[in-house]
Amino acid sequence: MYAKAFDNQALATIRSWVAKAERIVLTAHLNADGDACGSLLGCTHLMDRYAKNAQSIVPILPTGCPENFRWLPGADRIVAASDGKAGTMMAEADLLVCLDLNTPDRMEPLDQAFRQAKGHKLLVDHHHNPATGEFDLIVSDHTISSTCELMHWLAQALWGEDCLTHDAAVCLYTGLRTAPSAAASLRASRPPLSWWRST
Ligand SMILES: [Mn+2]
């Protein structure tokens with residue numbers, strides 16, 4: 001089990017934001033890797049399940065989805081900055097979830113649109129030195145293997161052990177397996193994660 005307890009007040013805030021949000025945008029860093037794509041889409045599937053009032057849930061990647069991750073469930077929903085609509089979607093969102101980055105600079109060319117957005121800004125990440133002034137709430141732990149692993153533990157804390165759909169689990173496992181630090185941690189004989197659930 002993940003040793004560090006999540007802050008109860010932070011969990012309540014996130015649950016409330018997700019439950020009330022009507023327009024949700026999720027984003028990750030440019031030149032997305034497996035951890036960025038996996039956490040972005042894993043969280044998208046969680047929003048599909050738990051954001052009961054959402055009219056739109058849009059994953060955005062600054063430079064789009066790389067070809068080698070287009071097989072991931074939900075990858076066809078990803079909007080690239082080159083699409084031209086991403087900035088407007090950020091401006092209209094009442095919840096913006098950022099994954100696998102520690103500063104909006106890593107969202108270029110969408111960094112300014114993000115900074116100008118008025119919605120609640122949540123960061124879930126495992127890099128050092130998160131930019132604390134840029135987000136409303138930060139869930140960050142640089143000692144954890146990957147953003148996907150952190151997202152997995154966070155989701156369980158928010159919504160219980162059975163929270164992951166099959167698609168969410170596929171996406172999060174992909175990031176967990178492809179992030180270099182995550183692969184090393186898996187090799188270091190961590191106990192198997194019990195997060196598989198078909199629905
Ligand atoms: Mn990454």
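**Close-up views of a predicted model**

**View 1. The whole chain, element by element.** From the N terminus on, the elements run α-β-α-β-β-α-β-α-β-β-α-α-α. That gives seven helices and six strands. Helices (H or I, at least four residues) and strands (E, at least two) are DSSP runs, numbered from the N terminus. The model is predicted: local features need pLDDT of at least 70, side-chain atom pairs count only at pLDDT 80 or more, and totals for chains, interfaces and linings use all residues. Residues are numbered from 1 along each chain as its sequence is written. Buried residues make up 47% of the 199 residues in the chain. A residue is buried if 20 or more other C-beta atoms lie within 10 Å of its own, exposed if 12 or fewer, and partly exposed in between, with C-beta atoms placed from the backbone. Among contacts between residues at least 6 apart in sequence, 71% join residues at least 24 apart. Contact here means C-beta atoms, placed from the backbone, within 7 Å.

**View 2. The open sheet.** Six strands line up as β3-β2-β1-β4-β5-β6, with parallel pairing. Two strands pair if DSSP finds at least two bridges between them. β3 (79-80) and β6 (137-140) stand at the edges with a single partner strand each, so one side of each has no neighbour in the sheet. Helix α5 (residues 147-159) packs on the sheet and touches β4 (95-99), β5 (120-125) and β6. The direction of α5 makes about 120° with that of β5. Axes are lines fitted to C-alpha atoms, for helices over the stretch in contact, and angles run from 0 to 180 degrees between N-to-C directions.

**View 3. The β1-β2 pairing.** β1 (residues 23-28) and β2 (residues 56-61) pair in the parallel sense over five bridges. Val-25 has Val-58 of β2 as its bridge partner.

**View 4. The largest nonpolar core.** Such a core is a set of buried Ala, Val, Leu, Ile, Met, Phe, Trp, Tyr and Cys residues joined through C-beta atoms within 7 Å. The largest one has 62 residues, of which Ile-24, Met-90, Val-97 and Leu-99 touch the most other members. Helix α2 (residues 34-50) supplies the largest share of this core, seven residues. Beyond its neighbours within four places in sequence, Leu-99 contacts a set of residues including Leu-26, Ala-36, Leu-40, Val-124 and Met-151.

View 5. α6 (residues 166-178) has 13 residues and spans 18 Å from first C-alpha to last, close to the 18 Å expected at 1.5 Å a residue. The expected span is 1.5 Å times one less than the number of residues. Among the buried residues of α6 are Ala-168, Cys-171, Tyr-173 and Leu-176. α5 and α6 pack at about 140°, with axes 7 Å apart. That makes α5 oblique to α6. Angles under 35 degrees count as roughly parallel, over 145 as roughly antiparallel, 65 to 115 as roughly perpendicular and the rest as oblique. Thr-147, Cys-148, Glu-149, Met-151 and His-152 of α5 meet Leu-172, Gly-175 and Leu-176 of α6.

**View 6. Backbone details in the loops.** Asn-31, in the loop between β1 and α2, has a positive phi of about 50° although it is not a glycine. Asn-31 is exposed, with 11 other C-beta atoms within 10 Å. Asp-100 lies in the loop between β4 and α4, and its phi is near 60°. Asp-100 is buried, with 29 other C-beta atoms within 10 Å. Pro-109 is found in the loop between β4 and α4 (111-116). The peptide bond from Glu-108 to Pro-109 is cis, with omega near 10°.

Notes
Two residues are in contact if their C-beta atoms, placed from the backbone, lie within 7 Å.
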